[in-house]
Amino acid sequence: MENTYVVLHGLKDLRLETKPIPPLADDDVLVRIKKVGLCGTDLSMVYKGRTGDLQVQYPTGVGHEVSAVVSQCGKNVTHVKTGDRVTVEPGSFCRQCDLCLAGKYNVCAKSSFHSDVALYPGCLARYFKYKAHLIHKLPDSVSDEEGAIVEPLAVAVHACRRAEVSAGCSMLVTGAGPIGLLCLVTAKAFGATNILVTDIKDSRLAMAKRMGADHTLLVTSGDAQSQAQQVQQIMGYQPDITMECSGTKEGLSLGIYATKSRGKLVQVGLSAPEVTVPLVHAGVREIDIIGVYRYLNCYPIAINLLAKKLVDVKPLITHRFNFEEFQKAFDMFYSAEDGAIKCMISC
Ligand SMILES: [Zn+2]
Ligand SMILES: [Zn+2]
């Protein structure tokens with residue numbers, strides 16, 4: 001059997017390749033891909049050659065937000081069978097170090113998400129072979145498109161757990177891209193009751209409103225301190241938690257000034273590796289700055305939130321393409337024409 005997949009050979013150099021599928025190991029599952037969502041990480045790999053502070057090693061696969069159907073199982077696999085609808089948790093880890101044994105596998109030093117061969121080819125493909133323990137079954141009540149949003153939704157679930165979002169808490173979300181919007185709906189499902197979302201684009205704030213933001217604020221003018229005062233005026237008080245989802249130093253600075261003393265600032269977006277922010281201001285007001293990297297044991301929760309209709313992620317999907325149109329999908333998404341938020345590719 002052969003597989004056709006998209007490979008990134010260098011900056012903006014996406015190519016289609018076809019190769020035989022290697023034999024399955026006993027603990028492997030082969031899935032036939034149905035939907036792939038493109039995300040900022042894919043764009044950053046293709047157009048900037050890096051993700052966060054990691055340089056992309058070519059050639060590499062692209063696509064990691066996926067729903068699929070099980071095509072074949074290795075002989076040790078018991079939790080899924082041929083024909084099951086599933087989603088894939090990308091990024092393997094060693095399962096042996098102290099962090100993995102403590103369940104904190106997302107920060108395992110041998111974790112292989114960005115750097116490497118683990119996702120070569122990636123999920124933007126006809127087929128994908130992966131370790132069975134990272135294949136999660138989807139219930140009938142979760143659609144294929146929703147299944148492809150489980151991955152970024154898991155990031156939002158992890159961020160909400162790291163921030164200890166609980167009933168009645170208030171939150172500032174800086175940045176209304178896909179992750180910011182998913183943090184918004186997930187925080188509401190976790191019980192947050194007063195959420196203000198900021199962005200530099202009106203169209204994104206309109207989407208935030210549509211997805212349940214209590215307030216929005218356009219942050220195209222003024223400095224972080226004056227914006228923080230506006231946040232306080234609109235919300236009625238300073239928020240308990242800020243989720244920084246813009247990946248900018250402006251967002252981080254606003255978060256530091258806006259968050260209540262003894263509150264939490266969760267760094268979800270990946271900014272430039274080094275930025276200047278008013279850190280002492282956070283120190284003297286005892287604001288906890290919390291890192292977030294991907295997710296750990298969050299897929300079952302994300303799938304349940306979708307299955308029980310506790311979050312509605314459908315408004316995020318603004319554009320749909322066929323597999324053959326992958327180049328067009330990337331270009332359109334990169335230029336963010338028509339306010340593209342999430343592109344979904346049918347494989
Ligand atoms: Zn992603
Ligand atoms: Zn490990």
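Which residues of H1 are buried? Start there, and keep in mind that this is a predicted model.

**Stop 1: helix H1**

Select residues 40-47, the span of helix H1. Its buried residues are Asp42, Leu43, Ser44, Met45, Val46 and Tyr47. Now show what surrounds them. The buried residues of H1 pack against strands S1 (2-8), S2 (14-20), S3 (28-37), S4 (50-51) and S6 (60-61). Helix H11 (326-335) is another packing partner. Step on to Gly49, which follows H1. The phi of Gly49 is positive, near 75°.

**Stop 2: the zinc site**

Select the zinc ion (ligand 2) and show its donors. Four SG atoms coordinate the ion, from Cys94, Cys97, Cys100 and Cys108. They sit at 2.3 to 2.4 Å. In sequence, the donor residues follow the spacing C-x2-C-x2-C-x7-C. What arrangement do the four donor atoms make around the zinc ion? It is tetrahedral, because the donors subtend angles of 104 to 115°. For four tetrahedral donors the ideal angle is 109.5 degrees.

Cys100 has 11% relative accessibility, so it counts as buried. Cys97 has 22%, so it counts as partly exposed.

**Stop 3: the largest nonpolar core**

Select Val165, Leu181, Val197 and Met243. Of the 53 residues in the largest nonpolar core, these four touch the most other members. Next, show the elements that give two or more residues to this core: helices H4 (150-162), H5 (178-189), H6 (202-210) and H10 (299-307), with strands S11 (170-174), S12 (194-199) and S14 (241-244). H4 supplies the largest share, eight residues. Colour by domain: the core draws at least three residues from each of domain 1 (2-149 + 313-346) and domain 2 (154-291).

Zoom in on Met243. Beyond its neighbours within four places in sequence, Met243 contacts a set of residues including Ala159, Cys160, Val165, Met171, Cys183, Val266 and Val268.

Then look for the second core. This one is separate and has 44 residues, among them Val6, Val31, Val80 and Phe323.

**Stop 4: Tyr257**

Finish on helix H8 (residues 249-258), where Tyr257 lies. Setting aside neighbours within four places in sequence, Tyr257 is in contact with Ala224, Gln225, Ala228, Gln238, Pro278, His281 and Arg285. Draw a distance from Tyr257 to Pro273. They are 16 residues apart in sequence and 21 Å apart in space, C-alpha to C-alpha.

Definitions and conventions
Residues are numbered from 1 along each chain as its sequence is written. Chains are lettered from A and ligands numbered from 1 in the order in which they are written. This is a predicted model: local features need pLDDT of at least 70, side-chain atom pairs count only at pLDDT 80 or more; totals for chains, interfaces and linings use all residues. Side-chain values use heavy atoms; hydrogens and water are left out. Donors are N, O and S atoms within 2.8 Å of the metal (3.2 Å for Na, K and Ca); water is not among the atoms, so sites may look incomplete. Four donors count as tetrahedral if all angles lie between 85 and 135 degrees; four count as square planar and six as octahedral if opposite donors are over 155 degrees apart and all others between 65 and 115; anything else is irregular. Buried means under 20% relative accessible area, exposed over 50%, partly exposed in between (1.4 Å probe, protein chains only). A nonpolar core is a set of buried Ala, Val, Leu, Ile, Met, Phe, Trp, Tyr and Cys residues joined through side-chain atoms within 4.5 Å. Helices (H or I, at least four residues) and strands (E, at least two) are DSSP runs, numbered from the N terminus. Domain bounds come from an automatic or database domain assignment. Contact means heavy atoms within 4.5 Å.
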